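Colleague: I would like a close look at one part of this model, the helix packing. Please set it in the context of the whole protein before you go into detail.

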Amino acid sequence: YNQIEKHNDSLLTSHQRKLNFLKEEWSHVDLESVIQKLVDFQIAIPSWALGTGGTRFGRFAITGGEPRTIEEKIEDVGLLHALNGASGAISLHIPWDIPQNAEALKNLASSYGLKFDAMNSNTFQDQAGSAHSYKFGSLQNVNKDIRKQAIDHNIEVIKHGIALGSDALTVWLADGSCFPSQLNFRKSFENTLESLQEIYSALPDDWKMFVEYKAFEPNFYSTTVGDWGQSLLYASKLGKKAFTLVDLGHHLPNANIEQIVALLLMEGKLGGFHFNDSKYGDDDLTAGSIKPYQLFLIFNELVEGMDAKGMNHAKDLGWMIDASHNVKDPLEDLLQSVEAIMIAYAQALLVDRKSLIAAQENNDVAKAQEILQHTFRSDLRALVAEARLRANAALSPIGLYRDLSVRTQLVKTRGLGTVATGL
Ligand code: AOS
Ligand code: ZN
Ligand code: ZN
Ligand code: ZN
């Protein structure tokens with residue numbers, strides 16, 4: 001009789017009441033298969049979201065208990081996964097994480113039921129002891145030696161990933177320019193493409209390369225992978241293992257992200273996501289904290305498009321969180337993000353697809369909106385909770401996390417220190 005079971009028993013009656021209500025409300029739908037899809041769905045946690053967060057203006061330590069090693073980061077994600085049953089993977093970053101003994105890390109991860117998701121390279125910071133600076137870009141650089149250093153780093157990251165059993169490389173480049181005429185757009189693109197091609201040729205056959213785009217920051221005039229069009233150009237030229245990665249915070253204001261997602265998916269070039277939320281730019285706030293309707297609309301396109309192509313929701317795209325904060329306990333924050341993503345997914349699964357298609361075919365605009373908002377405005381939290389229950393996780397992950405004073409325990413074992421890495 002462990003702590004999770006005890007916690008669940010205390011909430012079971014109220015959970016059953018809410019679930020039964022949903023079962024009645026949605027009796028025309030195969031809720032069992034919806035719940036199973038929710039059980040199967042896993043979202044990777046980035047190693048850099050577990051500790052000190054912040055912005056370029058300052059970084060602030062969390063309240064303590066920050067993971068000091070990869071092992072402790074794996075432990076933290078293991079804890080999240082035990083609580084919500086939906087965080088079954090960790091996304092590592094090189095060199096903020098340097099795996100020393102891959103075999104031991106793999107064993108540790110699998111003891112928590114975790115896999116290694118996409119590996120992240122870093123050519124946006126200069127590393128101590130490296131020969132060249134990325135001040136004027138990495139894969140785009142006019143200097144071939146600098147490009148080579150960045151290429152070699154990415155190949156190194158692939159090797160770490162192979163040893164850990166990962167099967168994807170995410171490339172996010174800070175490359176770009178701050179002033180008009182600083183660089184030649186075409187040459188920067190060509191250099192970047194050529195560099196990516198070299199990295200691509202080091203990719204194992206069963207791997208994917210995710211080309212992440214970002215509208216601006218740290219460069220403020222141009223970005224060399226600045227939007228989905230540019231990312232799609234690289235991914236198309238690279239080949240069938242290359243895909244576009246959509247970070248929800250990487251668009252210009254008011255971009256229609258759900259439409260971007262639908263078209264990338266249609267083209268077979270959508271690789272995956274960095275989930276987060278934002279009000280202004282790359283704010284990296286908790287998923288669903290600002291625009292939950294947008295998150296739902298994105299999942300609505302995903303479910304529709306993936307089903308049309310017969311894709312496996314859980315396996316065929318990369319689902320990752322990319323967040324960084326300094327005002328919340330990062331573990332609570334990540335539990336909130338995963339919950340928001342699961343709710344949006346559940347809502348999308350319940351959209352009355354047939355009626356929606358009919359409404360679209362009849363140009364019945366009001367009906368189409370009614371259909372979408374009916375599920376968006378339905379409280380489906382009990383379905384997500386039921387999926388957790390079936391995965392032997394907690395009915396209320398944050399509730400249990402607080403009841404057990406997990407952070408206080410972590411402070412006791414790990415201390416108050418901070419290990420400042422991350423953006
Ligand atoms: C940067 O803005 C991107 O979102 C990156 O995906 C990420 O934050 C970074 O690569 C951390 O490794
Ligand atoms: Zn990102
Ligand atoms: Zn970002
Ligand atoms: Zn972001």
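Modeller: Buried residues account for 47% of the 423 residues in the protein. This is a predicted model. The protein has 15 helices and 13 strands. Its radius of gyration is 22 Å, close to the 22 Å that the globule rule gives for 423 residues, so the protein is as compact as a globular protein of that length. Along the principal axes, the C-alpha atoms fill a box of roughly 65 × 60 × 40 Å. Now take the contacts between residues at least 6 apart in sequence. Of these, 79% join residues at least 24 apart.

Now the helix packing. Helix 10 covers residues 330-349, and helix 9 covers residues 292-308. Their axes come within 8 Å and cross at roughly 50°. An angle between 35 and 65 degrees counts as oblique, and helix 9 and helix 10 are therefore oblique to each other. Their crossing is right-handed. On the helix 9 side, the contact uses Pro-292, Leu-295, Phe-296, Phe-299, Asn-300, Leu-302 and Val-303. On the helix 10 side, the partners are Ala-340, Ala-344, Tyr-345, Gln-347, Ala-348 and Leu-349. By class, the contact of helix 9 with helix 10 has 11 nonpolar residues, two polar and no charged.

Helix 10 also packs with helix 3, which spans residues 70-84. Here the axes are 11 Å apart and the angle is about 45°. Helix 3 and helix 10 are therefore oblique to each other. The crossing of helix 3 and helix 10 is right-handed. Helix 3 contributes Asp-76, Leu-80, Leu-83 and Asn-84 to the contact. Helix 10 contributes Leu-331, Leu-334, Leu-335 and Val-338. The contact of helix 3 with helix 10 divides into six nonpolar residues, one polar and one charged.

Thr-413 sits in helix 15, residues 406-414. Thr-413 and Glu-66 are 347 residues apart in sequence, yet their C-alpha atoms are 9.9 Å apart in space.

Methods:
Residues are numbered from 1 along each chain as its sequence is written. Chains are lettered from A and ligands numbered from 1 in the order in which they are written. This is a predicted model: local features need pLDDT of at least 70, side-chain atom pairs count only at pLDDT 80 or more; totals for chains, interfaces and linings use all residues. Axes are lines fitted to C-alpha atoms, for helices over the stretch in contact, and angles run from 0 to 180 degrees between N-to-C directions. Helices (H or I, at least four residues) and strands (E, at least two) are DSSP runs, numbered from the N terminus. Angles under 35 degrees count as roughly parallel, over 145 as roughly antiparallel, 65 to 115 as roughly perpendicular and the rest as oblique. A crossing is left-handed if the near helix is turned anticlockwise from the far one by less than a right angle, and right-handed if clockwise. Two residues are in contact if their C-beta atoms, placed from the backbone, lie within 7 Å. Ala, Val, Leu, Ile, Met, Phe, Trp, Tyr, Cys and Pro count as nonpolar, Asp, Glu, Lys and Arg as charged, and the others, Gly among them, as polar. The radius of gyration is taken over C-alpha atoms; the globule rule is 2.2 Å times the number of residues to the power 0.38. A residue is buried if 20 or more other C-beta atoms lie within 10 Å of its own, exposed if 12 or fewer, and partly exposed in between; C-beta atoms are placed from the backbone.
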